[in-house]
Amino acid sequence: MDLAYIPSPSTGVINLGPIPLRGYAFCIIIGVFVAVWYGNKRWIARGGTAGTVADIAVWAVPFGLVGGRLYHVITDYQLYFSEGENWVDAFKIWEGGLGIWGAIALGAVGAWIGCRRRGIPLPAYADAIAPGIALAQAIGRWGNWFNQELYGRETDLPWALKITESANREAGYYHPTFLYESLWCVGVAVLVVWADRRFKLGHGRAFALYVAAYCAGRAWIEYMRVDEAHHILGLRLNVWTAIIVFVLAVTYIVISARIRPGREEIVEPQAEKADKAEVAEKADEADDVVVDGEPEDAAADADADADTDTDTDVDHGADNGAGSAAKG
């Protein structure tokens with residue numbers, strides 16, 4: 001008798017009349033909101049303006065979704081284009097299937113476009129949103145739980161994931177790799193926040209740390225999975241991808257730290273202009289107080305005293321002149 005296990009939901013969708021509410025989509029949407037919310041807080045702390053992260057996310061998120069889906073469809077093309085499969089299913093994103101590698105790559109293109117439009121350096125923006133992306137992944141992985149997909153090998157551990165039988169899976173108890181990756185991503189977010197505060201990471205190094213840390217976890221988690229995948233030299237394709245991207249991220253951190261040490265002083269020119277305008281406005285207000293307040297009254301009194309002294313001197317001069325004329 002099984003004493004403990006993680007149950008799987010009986011369905012991944014709830015129908016509210018004609019509107020289907022899908023758990024996978026909810027997890028993705030909630031993850032995006034968390035990433036934007038937390039990224040906005042970090043961006044403001046770095047000297048940016050509120051709302052900038054959301055404005056750029058309007059470009060990054062759609063690009064990321066398309067990139068994630070493309071990566072999945074390309075690397076698992078047999079699921080959609082082999083004999084007996086329906087290629088239209090490639091567009092059914094709600095059924096699962098987003099590759100993080102494609103999502104980050106194409107999402108970065110969208111972010112670059114958004115940053116260019118606002119005159120913002122992409123590395124600084126990437127550093128601000130890096131922990132938020134990790135948290136978004138942690139939340140998004142629960143979408144796999146709703147769809148009963150991407151689990152690991154069979155296990156009798158008390159936290160085993162119970163999978164029900166369907167056309168493309170066998171009932172049993174498996175490693176909950178979705179949970180492992182979710183917890184790992186939370187740890188990655190904490191690591192990036194700590195390292196950023198401790199070492200003042202800049203010029204994209206906080207983002208590179210997120211990438212490297214995520215890849216380190218993804219490699220061993222991917223190794224546990226049993227779903228169908230392409231293999232190269234005995235390793236799953238995503239394991240090789242994680243290894244290669246990890247090396248590239250670490251290399252970037254080392255080279256970037258030597259070429260451009262420290263952190264950007266200005267991350268958003270518009271914010272700097274706004275700050276200068278605010279300072280100038282406060283200075284003008286201070287001048288108005290000086291002109292309209294007591295200092296002006298004192299100056300007026302001083303002018304009045306000066307006029308009185310002048311008039312007195314003139315009167316004395318006239319009197320002395322008259323006296324001299326009388327004596328002559």
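**Figure 1. Gln148 sits in the loop between helix H6 (142–147) and strand E3 (161–163) of this predicted model.** Helices (H or I, at least four residues) and strands (E, at least two) are DSSP runs numbered from the N terminus. Gln148 counts as buried because its relative accessibility is 7%, where buried means under 20% relative accessible area, exposed over 50% and partly exposed in between (1.4 Å probe, protein chains only). Residues are numbered from 1 along each chain as its sequence is written, and side-chain values use heavy atoms, with hydrogens and water left out. In this predicted model, local features need pLDDT of at least 70 and side-chain atom pairs count only at pLDDT 80 or more, while totals for chains, interfaces and linings use all residues.

**Figure 2. Surroundings of the Gln148 side chain.** A polar atom of this side chain lies 3.2 Å from the backbone oxygen of Pro9, and one lies 2.9 Å from the backbone nitrogen of Thr164. Leaving aside neighbours within four places in sequence, Gln148 is in contact (heavy atoms within 4.5 Å) with Ser8, Pro9, Lys162, Ile163, Thr164 and Arg169.

**Figure 3. The largest nonpolar core has 37 residues.** Such a core is a set of buried Ala, Val, Leu, Ile, Met, Phe, Trp, Tyr and Cys residues joined through side-chain atoms within 4.5 Å. Trp43, Trp101, Tyr125, Val192 and Tyr210 have the most contacts inside this core. Helices supplying at least two residues each include H2 (52–75), H4 (100–118) and H8 (205–224); H8 gives the most, with 9 residues.

**Figure 4. Val192 and its contacts.** Beyond neighbours within four places in sequence, Val192 is in contact with Ala130, Pro131, Ala206, Leu209 and Tyr210.

Notes
A polar contact is a pair of N or O atoms within 3.5 Å; within protein, one must be able to donate a hydrogen and the other to accept it, and residues adjacent in sequence count only if both atoms are side-chain atoms.
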